[in-house]
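Please examine the sequence and the structure shown below. The briefing that follows describes them topic by topic.

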Amino acid sequence: MSFSRLFSHIARFVQDPDVRWEYCLRAKRGQTDTSQPGCFSKDQVYLDGILRILRYRRTIDFKMLTSLGKVSFEDVERLRPLAVLPRTRIPHFMRDPERYLRYLDHIVAVNELDDSTLQHLLP
């Protein structure tokens, strides 16, 4: 979308126009013509990543994922035998996996997504 169309489009998610402006600036940074579709590629990669996490949220071993450090969830099973787990600290919000999953379900819902849409986006 163009900058102005994006600004209008996200109004239902971000009511404060100053915050919305900042989001649009971030998304369109680096483009020479912000009236054209496109976004900053790093943010697009992050969006793809969170959509993948949401898509596979019921099968990801989040405790192991956070114990391994900065790795892709797709690599957890391959790295599991190499993990050094004694004295590994996990974030407080991951200590209750059911509660964390409910938070992820809430993120899916408030973003007007569902499991079938996520499956369609990421087969």
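## A helix with a buried face

In helix α3, the residues D43, L51, L54 and R55 are buried, where buried means under 20% relative accessible area, exposed means over 50%, and partly exposed lies in between (1.4 Å probe, protein chains only). Seen down the axis of α3, these buried residues fall within an arc of 120 degrees, so they line one face of the helix; the arc is that of the directions from the helix axis to the C-beta atoms. The model is predicted: local features need pLDDT of at least 70 and side-chain atom pairs count only at pLDDT 80 or more, while totals for chains, interfaces and linings use all residues. Residues are numbered from 1 along each chain as its sequence is written, and side-chain values use heavy atoms, with hydrogens and water left out.

**The chain as a whole**

- The chain has seven helices and zero strands; helices (H or I, at least four residues) and strands (E, at least two) are DSSP runs, numbered from the N terminus.
- The radius of gyration of the chain is 18 Å, well over the 14 Å that the globule rule gives for 123 residues, so the chain is more spread out than a compact globule. This radius is taken over C-alpha atoms, and the globule rule is 2.2 Å times the number of residues to the power 0.38.
- Along the principal axes, the C-alpha atoms of the chain fill a box of roughly 50 × 30 × 30 Å.
- Of the 123 residues of the chain, 24% count as buried.

**More on helix α3**

- Helix α3 covers residues 41-55, which makes 15 residues, and reaches 21 Å from its first C-alpha to its last, close to the 21 Å expected at 1.5 Å a residue. The expected span is 1.5 Å times one less than the number of residues in the helix.
- On the other side of α3, the residues S41, V45 and Y46 are exposed.
- The cover over the buried residues of α3 includes α2 (17-28), α6 (97-110) and α7 (115-121).

**Helix α6**

- Helix α6 has 14 residues and reaches 20 Å from its first C-alpha to its last, close to the 20 Å expected at 1.5 Å a residue.
- Y100, L104 and V108 are the buried residues of α6. They cover an arc of only 90 degrees around the axis, which puts them on the same side of α6.
- An α-helix has 3.6 residues a turn, so residues three or four places apart point the same way.
- The face of α6 turned away from its buried side carries the exposed residues E98 and R102.
- Helices α3, α4 and α7 are among the elements that cover the buried residues of α6.
- After α6 comes E112, whose phi is positive, near 55 degrees.

**Nonpolar cores**

- The largest nonpolar core has 15 residues, and F62 and L65 have the most contacts inside it. Such a core is a set of buried Ala, Val, Leu, Ile, Met, Phe, Trp, Tyr and Cys residues joined through side-chain atoms within 4.5 Å.
- The elements that give two or more residues to this core are α3, α4 (62-68) and α6.
- Leaving aside its neighbours within four places in sequence, L65 is in contact (heavy atoms within 4.5 Å) with I60, V71, S72, F73 and V76.

**Residue Q119**

- Q119 has its place in helix α7 and, at 44% relative accessibility, counts as partly exposed.
- The C-alpha atoms of Q119 and P17 are separated by 33 Å, and the two residues are 102 residues apart along the chain.
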